[in-house]
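Colleague: Could you take me through this model? I'd like to go one chain at a time and then look at how the chains meet.

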Amino acid sequence: MRFLTDRKRAQGLGSGRTGTHHHWKMMISSAVLVVLVPLFVFTFGTALGRDYEAVLAFFARPFPAILTALTAVVVILHCKSEADEAIIDYVHGTPGKLLIVAVGALSYTLIAAALFALVKLAL
Amino acid sequence: MADVNRGNRPLSPFMIGTYYRPQMTSISSIMVRITGIATLGTAFLVVCWLLAAATSPDAFAVVDGLLRSFVGDILMLCATWAIWYHMLGRLRHVIWDLGYLVELDVSQKMGWGMFIGATVLTIITVLVV
């Protein structure tokens, strides 16, 4: 009989040496997408098309501001993981590593910019 | 032990090309990845729009004008389809991961469901918004 649990045997394995962590994170954010995407698409859809003053007033309300902030963090990090996976699959060596850094830089910059914009719009 | 045969090993054939005939399961899976990466591009546009709104009326007029132009409309339509498709595709992964609906014929039906579902949701979005 083995005294190791299934989880312990998987930990640290995989080509990324991080076991099932990436997969598990993707599953969680995938489930969260099912809630966030419909809410965000219809919320952003009603915001786009308004004039400047109305957009400012719209994002000063708690629901659109909080929802957009959540979506910015969750969806951008999800898509970053999606892009990372594709890079790991198809781009190897130094270009692959640099691309992963670039995608990370872009993703976190987008998140920071979105949060800054929302704070400025909301306050 | 050193791999003496490095670089000269048989490789598994790439999914796209003459090696495999197109299958609903593979195409619908590839589209999940493409739409996921495309959504990162959508995020860029949306963040630009938010940042412009937070900056000044002039900046907002420029970015808002771009997003609401004819090209912008087409882009946002594609972006909407992509994010819906990606959401449905990822939902399929969650369902599979929980151990359900992994049979081939059901998986193929779910693939069709993703294409049709994303299109229907996009039409609803256009009608509602």
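Colleague: In what order do the elements of chain B run from the N terminus?

Modeller: They run α-α-α-α, and chain B has four helices and zero strands. Helices (H or I, at least four residues) and strands (E, at least two) are DSSP runs, numbered from the N terminus. This is a predicted model, where local features need pLDDT of at least 70, side-chain atom pairs count only at pLDDT 80 or more, and totals for chains, interfaces and linings use all residues. Residues are numbered from 1 along each chain as its sequence is written, while chains are lettered from A and ligands numbered from 1 in the order in which they are written.

Colleague: What does chain B average in pLDDT?

Modeller: The average is 91, and 95% of the residues score at least 70. pLDDT is the predictor's confidence in each residue, from 0 to 100. The model as a whole scores ipTM 0.86 and pTM 0.88.

Colleague: What radius of gyration does chain B have?

Modeller: Chain B has 20 Å, whereas a compact globule of 129 residues would have a value near 14 Å. The radius is taken over C-alpha atoms, and the globule rule is 2.2 Å times the number of residues to the power 0.38. Along the principal axes, the C-alpha atoms of chain B fill a box of roughly 65 × 40 × 30 Å.

Colleague: And how much of chain B counts as buried?

Modeller: 29% of its 129 residues. Buried is when 20 or more other C-beta atoms lie within 10 Å of a residue's own, exposed when 12 or fewer do, and partly exposed in between, with C-beta atoms placed from the backbone.

Colleague: Leu88(B), buried or exposed?

Modeller: Leu88(B) counts as buried because it has 24 C-beta neighbours inside 10 Å. Leu88(B) lies in helix H3 of chain B. Not counting residues up to four places away in sequence, Leu88(B) touches Met114(B), Gly117(B) and Ala118(B). Contact requires C-beta atoms, placed from the backbone, to lie within 7 Å.

Colleague: Which residues are buried in H4(B)?

Modeller: Met110(B), Gly111(B), Met114(B), Ala118(B), Leu121(B) and Thr122(B). They pack against H1 and H3 of chain B. The end C-alpha atoms of H4(B) are 35 Å apart, which agrees with the 36 Å that its 25 residues should span at 1.5 Å a residue. The expected span is 1.5 Å times one less than the number of residues.

Colleague: Switching to chain A. How many helices and strands are there?

Modeller: Chain A has five helices and zero strands. Its radius of gyration is 19 Å, but a compact globule of 123 residues would have one near 14 Å. Buried residues make up 23% of those 123.

Colleague: How far does H4 of chain A reach?

Modeller: From first C-alpha to last, helix H4 (residues 62–90) reaches 42 Å, close to the 42 Å expected for its 29 residues. Its buried residues include Thr71(A), Val75(A), Ile76(A) and Cys79(A).

Colleague: What covers the buried residues of H4(A)?

Modeller: The cover includes helix H2 (21–47), helix H3 (52–60) and helix H5 (93–122) of chain A, together with H1 of chain B.

Colleague: And Phe63(A), is that one buried or exposed?

Modeller: Phe63(A) is exposed because 10 other C-beta atoms lie within 10 Å. Phe63(A) is found in helix H4 of chain A.

Colleague: On to the interface. How many residues are in contact?

Modeller: 28 residues of chain B are in contact with 29 residues of chain A. H1(B) gives the most to the side of chain B that touches chain A, with 13 residues. That side divides into 19 nonpolar, five polar and four charged residues. Here Ala, Val, Leu, Ile, Met, Phe, Trp, Tyr, Cys and Pro count as nonpolar, Asp, Glu, Lys and Arg as charged, and the others, Gly among them, as polar.

Colleague: Which residues have the most contacts inside the largest nonpolar core?

Modeller: Ala114(A), Ala117(A), Leu50(B) and Ala53(B), in a core of 44 residues. H1(B) gives the most to this core, with ten residues. A nonpolar core is a set of buried Ala, Val, Leu, Ile, Met, Phe, Trp, Tyr and Cys residues joined through C-beta atoms within 7 Å.

Colleague: What is Leu50(B) in contact with?

Modeller: Leaving aside neighbours within four places in sequence, Leu50(B) is in contact with Ala114(A), Ala117(A) and Leu118(A).

Definitions and conventions: Two residues are in contact if their C-beta atoms, placed from the backbone, lie within 7 Å.
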